[in-house]
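Please read these notes with the model open beside you. They are numbered so that each point can be checked in turn.

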Amino acid sequence: MNICVENLSFRYPNGVLALQGVSLEIASGEQVAIIGQNGAGKTTLVKHLNGLLQPTEGRVLIGDWDTRKYSVAKLAQRVGYVFQNPDEQLFTKTVAEEIAFGPRNLGYSKERLQTLVEDALQLTQLQAMRSANPYDLSPTWRKMVAIASILAMDTPILIFDEPTTGQDAASVGRLATIIAELKQRGKTVITITHDIDFCAENFGRVIVMGNGQVLLDGSAKEVLGQEAILAQTFVDPPQITRLGLRLGLTEVVCTPQEFLDVFETQCAA
Amino acid sequence: MHERLSFYVKRESPLHQLNPLTKLTLIFGLILPAFLVPFYWTPHLLLVLVVFPLAFLGKVQGEYFNAATRLILPAAGFLFVMQALFIPGGEVVLARVWFLTLTQESLLYAFANAVRIFVMISSFTLFMLTTHPSELMSDLTRRGLPGQFAYVIIATLQIIPQMQAKANTIIAAQRSRGLDTESSFSRRIRALVPLVGPLVFGSLVEVEERAIAIEARGFTSRLPKTSLREISDRPLDKGLRWLLLAMMLASLLSRIWFS
């Protein structure tokens, strides 16, 4: 399901112009990271994708649906949105019930609901904690519950708002696995992140935002090498990319493996 | 996104510049005469000649009249209707519907009472619109109010806007999970559980976190504390406070004298 953002502008009621003329298309099955300084308009942009915010100007299409014509609850069939703070959505007594809440709202059959909950538990490695109370879990695992509760909705498009914030390495690893699995299944994943390594290692496409506009949009290699433009929105390229640039490598590298490959061929030459 | 953490509206106005204690005195300087002075038209005159101009003086007339029409007017209106219909006594019967009797006396009495309530809520509204909660708190503690009391006052002033902001985020999160909050009444009632749960739990967690945070900054320390904010207390403030105190006393005396 394609996402189409056309000349989108948004002004908050207090007068702040948070988005100015943003246009972009995200094809079905793409893995996109959105980066940029705080206040750049990242969250405002993704809140338009499931109708939480309505455009001041322009429009947003999710497949053939114009977000202005559908309610958030309806758009939830197509777009799953994981909020930053899991505590703002958890309310049931057990993890499994919490995960079943979303798909039940979408009116799935009992069998399908069962399968989806099991699948989400497995993807997030929460099986052993299925009957625990979410609030008895550590914040790291509460985050996983929040993610599982959206995964189980089986939407073609998933949005993660800063999923790695406050997570340990093991949890970030789990997230990477989940995103890879979603890619396998042909889902579109859009992630807002400040974790530039996480962005470089897991996303094929990177969108850089600053001051309510898209500054850069392209493959990780195309985008992460542009130190000067990234600096406008206070983003540093990954350390390994910067090292590659300082060494004058002929190619922009985003991961240690890429660095080694390019470095070895260049040394050999 | 700017979450409003209090009702305070930051503007430059003579009312904003007044010392918080002066404004607090002003509230009572309006409420006490409105309730005590035996002259019938006192609350009405206070409302039109003092409260309304004060809203303009404080440059918060937009916010004030918004709150007045949406919040204060319905409350005062309800009180008016109830009292007008149910206060017993009165000679001059204006209308009789079923078992209800409307007399001239009950009507007048209800009108005055409704306006008194209007004056009372209005002055508190103006106070909250023009006074930053932490300014009030530091001023009161500086004058020797125990920190615990000041904290309770501030927490009360701030809790509604804070919970509102929190509730909005929770509603957004649950709607994103397909929760229908916009259709039939019964569906809306059912939708309350997923909203109230995180709100109550989150607020309790917040209370604990706040307690730890202020304790970490030496809240219960007995040593004298300094304040980051310099709060002006001009001779004008002192003068106004004495004047208002005198007015309160006068209204009390007038009540005793004439009854």
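1. Helices (H or I, at least four residues) and strands (E, at least two) are DSSP runs, numbered from the N terminus. In chain B, helix α6 is followed by B:Gly144, whose phi is positive, near 100°.

2. This is a predicted model, in which local features need pLDDT of at least 70 and side-chain atom pairs count only at pLDDT 80 or more, while totals for chains, interfaces and linings use all residues. Residues are numbered from 1 along each chain as its sequence is written, and chains are lettered from A and ligands numbered from 1 in the order in which they are written.

3. Helix α6 of chain B covers residues 133-142. Its buried residues (20 or more other C-beta atoms within 10 Å of their own, with C-beta atoms placed from the backbone) are B:Pro133, B:Leu136, B:Met137, B:Ser138, B:Asp139 and B:Leu140. Among the elements that cover them are α2 (20-36) and α7 (147-176) of chain B.

4. Chain B is divided into domain 1 (14-131 + 235-258) and domain 2 (145-216); these bounds come from an automatic or database domain assignment. The centres of the two domains of chain B, taken over C-alpha atoms, are 32 Å apart.

5. Chain A has 11 helices and 10 strands. Of its 269 residues, 46% count as buried. A compact globule with 269 residues would have a radius of gyration near 18 Å, and the 19 Å of chain A agrees with this. That radius is taken over C-alpha atoms, and the globule rule is 2.2 Å times the number of residues to the power 0.38. The C-alpha trace of chain A spans about 60 × 45 × 30 Å along its principal axes.

6. One open sheet in chain A has 4 strands in the order β2-β1-β4-β5, with antiparallel pairing. β2 (17-26) and β5 (65-66) of chain A stand at the edges with a single partner strand each, so one side of each has no neighbour in the sheet. Strands pair if DSSP finds at least two bridges between them; β1 (residues 3-11) and β2 of chain A are joined by 6 bridges. A:Val5 has A:Leu24 in β2(A) as its bridge partner.

7. How many residues does each chain bring to the contact between chain A and chain B? Chain B gives 20 residues and chain A gives 22, where contact means C-beta atoms, placed from the backbone, within 7 Å. On the side of chain B that touches chain A, α7(B) has the largest share, 7 residues.

Notes. Buried ≥ 20, exposed ≤ 12 C-beta atoms within 10 Å, placed from the backbone. Contact = placed C-beta atoms within 7 Å.
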